[in-house]
Amino acid sequence: MSTLFTTLPSSVQVTVQDNILLVKLNRPEKRNAINDELILAIEHVFTHVPAGIGCAVVYGEGGHFSAGLDLSALTERDAVQGLHHSRMWHRALDQVQFGTVPVIAALHGACVGGGLELASACHIRVAETGTFYALPEGQRGIFVGGGASVRVPKLIGLARMTDMMLTGRVYRADEGMVIGLSQYVVEEGKALEKAIELAQKVASNAGMTNYALMHVLPRIVDASQEQGMLMESLTAAIAQNAPEAKARLAEFLAGKAKKVGQ
Ligand code: 1HE
């Protein structure tokens, strides 16, 4: 395991394990609350993912994934500054969602507010049984600003997000998986291990397939049926034409590739 990005603030630590980038939120004394320094560091990391990395994992040091926005900075902003601040979060989390490699969030403890916004920008979420989700912005008298209003309804639907913000509803890990907040729930202490195991599978995919899943599929989902179908056909044509795809298909037809489920 090697350490990268030596110029980052101490609130984010990045290491590499094989071809997996491990990005740790490292502000446990503030429950990994995300201040400007931290969100800018996330943007920097996901804008400069080194060549050869096939997947990234985001996780949190200490007892929680993230308590969301660092509320201590909130009172100092006027409306225009608030607008720019929200757009800064959008840029950073767009780099997570639409960067160069798929990103897996390993969740434990609180995954709330901006923490849930970060998690929902990731492509896969693995939650430990003690994970809980909330959007306390409603109770704090503010509104989501890090992309939750776009990303969270796509995971759980408009009605559930509205309820979370109107009533302060908290979802437990098991409930969260049922409604779509995570794709996996694992025992306490096991999220990072599971995320790395999944990341190794993701990193072994053809690059074009991963790119299509990150960049094309969400655009297809946002498009009309007609446009979506065309984007699908174009992507399928490009993907199957790649030498890597031809080699993988030949390997299967020669009986040398893994079967489904292996
Ligand atoms: C913080 C923050 C924070 C903790 N900003 N300092 N997010 C929230 O509304 C969630 C607020 N946090 C909590 O509800 C709780 O801290 C937790 C349930 C996450 C964890 O509880 P616990 O008992 O483990 O920790 P704690 O004792 O509450 O917090 C420890 C320290 O972290 C304490 O500071 P200290 O100096 O007194 O030790 C807390 O003040 C500090 N801390 N959370 C600042 N969020 C792009 S817009 C997104 C908008 C949002 O994300 S709004 C939701 C904000």
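Arg31 sits in the loop between β3 and α1, the latter covering residues 36-47. Arg31 is not a glycine, yet its phi is positive, at about 55°. With 20 other C-beta atoms within 10 Å, Arg31 counts as buried. Keep in mind that this is a predicted model.

There is a second residue of this kind. Asp18 is not a glycine either, and its phi is positive, about 55°. Asp18 is placed in the loop between β2, residues 12-17, and β3. Is Asp18 buried or partly exposed? Asp18 has 13 C-beta neighbours inside 10 Å, so it counts as partly exposed. As background, most residues other than glycine have a negative phi.

Now the overall layout. The protein chain splits into domain 1, residues 2-203, and domain 2, residues 207-253. Taken over C-alpha atoms, the centres of domain 1 and domain 2 are 27 Å apart.

Back to β3, then, and the strand beside it. Strand β3, residues 20-25, pairs with β4 in the parallel sense, over 6 bridges.

Val57 takes us into the core. The largest nonpolar core has 66 residues, and the ones with the most contacts inside it are Val57, Ile104, Ala106 and Ala195. Which element gives the largest share of this core? That is helix α8, residues 191-203, with 7 residues. Leaving aside residues up to four places away in sequence, Val57 touches Ile20, Leu22, Val23, Ile104, Ala106, Leu192, Ala195, Ile196 and Ala199. In general terms, nonpolar side chains in soluble globular proteins tend to be buried together.

Next, strand β7. Residues 124-128 make up β7, and 4 of its 5 residues are buried. Strand β5, residues 103-107, runs parallel to β7, and 4 bridges join them. Within that pairing, Ala105 has Arg125 in β7 as its bridge partner. Strand β7 also pairs with β10, residues 184-186, again in the parallel sense, over 3 bridges. There, the bridge partner of Ala127 is Val185 in β10.

A separate item is the open sheet of 3 strands, in the order β6-β8-β9, with mixed pairing. Its edge strands are β6 and β9, the latter being residues 171-172, and each of them pairs on one side only. Strand β8, residues 132-134, runs antiparallel to β9, and 2 bridges join the two. Phe132 stands opposite Arg172 in β9.

Tyr133 is also found in β8. It counts as buried because 29 other C-beta atoms lie within 10 Å. Not counting residues up to four places away in sequence, Tyr133 touches Cys111, Val112, Leu116, Val170, Tyr171, Gly176 and Leu181. By contrast, Tyr133 and Leu38 are 21 Å apart in space, C-alpha to C-alpha, and 95 residues apart in sequence.

On to the ligand. Which residues come nearest to it? Of the 23 residues around the ligand, they are Ala67, Gly68, Leu69, Gly113 and Gly146. The elements giving two or more residues to this shell are β6 (110-112), α3 (114-121) and α4 (137-140). By class, the shell holds 9 nonpolar, 8 polar and 6 charged residues.

The buried residues of α3 are Gly114, Gly115, Leu116, Glu117, Leu118, Ala119, Ser120 and Ala121. Helix α11, residues 243-253, has 11 residues, of which the number buried is 0, so it lies largely in the open. Just after α11, Gly255 has a positive phi of about 75°.

Key:
Residues numbered from 1 in each chain as written. Predicted model: local features only at pLDDT ≥ 70, side-chain atom pairs only at ≥ 80, totals over all residues. Domains from an automatic or database assignment. Near = placed C-beta within 6 Å. Nonpolar A, V, L, I, M, F, W, Y, C, P; charged D, E, K, R; others polar. Buried ≥ 20, exposed ≤ 12 C-beta atoms within 10 Å, placed from the backbone. Pairing = 2+ DSSP bridges. Core = buried A, V, L, I, M, F, W, Y, C linked by C-beta atoms within 7 Å. Contact = placed C-beta atoms within 7 Å.
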